[in-house]
Amino acid sequence: MIDRRAFLLAGLGFAGGCAGWRTRPAAAARRAEEWPCYAADNAASKYSPLDAIHAGNAGRLRVVWEWESPDAAILDAHPQLGPGEFQATPIMIGGVLYTSTAMSQVAAIDAASGRTLWVYDPGTWRRGPTTIKGFQHRGVAWWSDGETSRIYIGTGDARLIALDARSGRPVPGFGRNGEIDLRSVGLSRPVERDPADLYGCTSAPLVCRDTLVIGGYIHDRALKDPMPPGDVRGFDVRTGALKWSFRTIPLPGEHGADTWPDGAAARIGNGNIWAPMSADDELGIVYLPGSCATDNLYGGLRPGDNLFSSSLIALDVETGARRWHFQTVHHDVWDYDLPCAPNLVDLDIGGARVKAVAQVTKQGLCFVFDRVSGTPLWPIEERAVPQSTIPGERSAPTQPFPTRPAPFEANGVTPEMLIDFSPELRAEARQILETYRYGPLYTPLDRRPTIVRPSWLGAANWQGAAVDPDSGVLYVPSQSAATALALDEHGAPALPDGARDTEIAGASVVVRGPRGLPLFKPPYGRISAIDLRRGELLWTRPNGPGATDSPALAPYRLGWIGSQQRAAPLLTRSLLFVGEGPHDRRYAQKVLRAYDKRSGEVKAEIALPGHTLGAPMSYAVGGRQFIVYAMGFRQRPHKLVALAEV
């Protein structure tokens, strides 16, 4: 049984989700030893003020328990389903961890021992894989009014479920028998269930004040006419009653409708919020990272700038009314949707205290705004970009570029970026480059294979950035993936050999260089520290050695070149923790590294039984600090692994 005292302690002192807006300021509501939200708090800081783990003892961290996902039992009985990706980050309240699994199960786990307390299976897996990558899910949300505590999940098959945190049972007074069918409530057009299974949820809901906000996952490829809409909804956290809907593809007469000429809004879908969100509980504003519209690499059927696709959107959490927005990509034809929760932080700038929001992007850009008004902290320039030559496509003539901070990843392609390990290799790389179409950032796809760098895999992706609330420094891991794809005269992918026809953005190939080497110079993955008070890059370094000891690269003794995988940050009072992401190469090292936040110097390397996939989190129980991460990249078993000093 669960310790009732732990739950009473978790509920004392404040009401609400991650911040106790009714009784005390949001910044004071979170207990230092807890991790009550997917990204630590509604500000998406990914920050823990704990310092029991520090530079002096981080090297002594060891695995103290491992927890295996209950999905394993389902896969034993139904091996044809496949394991998917374990992308979850648990939350911790009152000594109990709560997590989702790849198959949308929910589990409560004793935070000290890793012992399972309860499991709830909504049966999502019975409908088969819920995304193009199979089963995947990132987390759950928590709310308490001081007497009752609830856990919320948006499932892969599009249900919003409220569970009693003590028992793991559905809450009878929420929706219908504890759940809401998200396909039929509050959408501008209903979404039918069909074999394509286009619609679901992969990220955690968000609780701000007494409103439960949820977006949704929608398949990127145009498989239906019309496609599902990307509407965002707010529900009453107690009853599940719909409070508001916000249409990310506006209807006639609504703000932004003029950016959808020729009736495109009636048939186009997506524009959804698949990524995690953030919120300011004191201001009552929720911040939404918008996705691109259908389909993600061809916009001939949707002329115009297409608000609110690929936009940062600020909504009033009580009414769903738009406070402000900023579109980071006009008429997106690169799949450059906003992939992660924006980071909220208060900054001292020129003697004034500024409530800021920073949004990192797949392009390697960082947009920073006053989060009350939406005013950019530094000028954002509209610059001319190359234009599409695909018949019927009308690409945007300009795109927005922040003047500060500078990009944290290489943008676009020039010959100067090619490998230069030897004159011969550089000459071979140049010959390969000329077989592609290439150019600056926002070079659109063409009938000739075109290099996109960074690709739709990101610079930044769903793992996002972390921000230090004291220093105002943002830490973002990123990768420098370059992919190539050609479109035919109708805007459909012209698949090269070896391409994966899973979604339009996945029907591409990684650009290869000569003799099994990369085409471009390293680093291929890096960590960047950005001072948001000044808009300046403090330091950047490769994220680990990467594939330096591979047979192709070892002879060149390049030093650290960075992992070519997505990685997630965790900040504590003195350290930055980053893994290298999932690998399938035998030479890949499995470690979690502790970096000095001020210099980027590596302070410790901690051996791991697998690669970090879900973003790590930290908490304390009984005076002992733990770091927990999820592992399991399209293979079994999926596990949560806890590290502590031994």
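Is Phe-326 buried or exposed? Phe-326 is buried, with a relative accessible area of 17%, where buried stands for under 20% relative accessible area, exposed for over 50% and partly exposed for what falls in between (1.4 Å probe, protein chains only). The model is a predicted one, in which local features need pLDDT of at least 70 and side-chain atom pairs count only at pLDDT 80 or more, while totals for chains, interfaces and linings use all residues. Residues are numbered from 1 along each chain as its sequence is written, and side-chain values use heavy atoms, with hydrogens and water left out.

A pair of aromatic rings is described by the distance of the centres and the angle of the planes. Here, rings of Phe, Tyr and Trp (its six-membered ring) pair if their centres lie within 6.5 Å; planes under 30 degrees apart count as stacked, over 60 as edge-to-face and the rest as tilted. Searching the whole structure this way turns up 14 aromatic pairs. In one of them, the rings of Tyr-287 and Trp-324 have centres 6.3 Å apart and planes at 55°, so the pair is tilted. This pair links distant parts of the chain, with Tyr-287 in strand S19 (residues 285–289) and Trp-324 in strand S21 (residues 322–327), 37 residues apart. Strands (E, at least two residues) and helices (H or I, at least four) are DSSP runs, numbered from the N terminus. Tyr-287 and Trp-324 are both buried.

Phe-326 has a ring partner too: its ring and that of Phe-369 have centres 5.2 Å apart and planes at 45°, so this pair is tilted. Since Phe-326 lies in strand S21 and Phe-369 in strand S24 (residues 366–370), the pair ties together parts that are 43 residues apart in sequence. Phe-369 is buried, at a relative accessible area of 0%. Ring pairs join Tyr-287, Trp-324, Phe-326, Phe-367 and Phe-369 into a cluster.

Some rings have a charge over them, meaning that NZ of Lys or CZ of Arg is within 6 Å of the ring centre and within 35 degrees of the ring normal. Arg-138 lies over the face of Trp-462, 4.9 Å from the ring centre, and Arg-453 lies over the face of Phe-520, at 4.4 Å from the ring centre.

Next comes a sheet. Four strands make up an open sheet in the order S13-S14-S16-S17, with antiparallel pairing; two strands pair if DSSP finds at least two bridges between them. Strand S13 (206–208) and strand S17 (242–246) stand at the edges with a single partner strand each, so one side of each is left without a neighbour in the sheet. From one strand to the next, the twist averages 25°, with axes taken as lines fitted to C-alpha atoms (for helices over the stretch in contact) and angles running from 0 to 180 degrees between N-to-C directions. Strand S16 (residues 232–236) pairs with S17 in the antiparallel sense over four bridges, and Gly-234 has Trp-244 in S17 as its bridge partner.

Helix H4 (residues 423–433) has buried residues at Leu-425, Ala-429 and Leu-433. These cover an arc of only 80° around the axis, which puts them on the same side of H4; the arc is that of the directions from the helix axis to the C-beta atoms. On the other side of H4, Pro-423 and Gln-431 are exposed. Strand S27 (450–452) is included in what covers the buried residues of H4.

Ile-561 sits in the loop between strand S34 (536–542) and strand S35 (569–571), and is buried, with a relative accessible area of 0%. Beyond neighbours within four places in sequence, Ile-561 is in contact (heavy atoms within 4.5 Å) with residues including Pro-522, Pro-523, Tyr-524 and Pro-542. Pro-542 is 19 residues from Ile-561 in sequence and 5.7 Å away in space, C-alpha to C-alpha. Pro-522 and Pro-523 are joined by a cis peptide bond, with omega about 5°. Another cis peptide bond joins Thr-294 and Asp-295, where omega is about -25°.

Positive phi values turn up in loops as well. Lys-46, in the loop between helix H2 (26–29) and strand S1 (61–68), has phi near 55° and counts as buried at 4% relative accessibility. Asp-262, in the loop between S17 and strand S18 (278–280), has phi near 65°, but counts as exposed at 57% relative accessibility.
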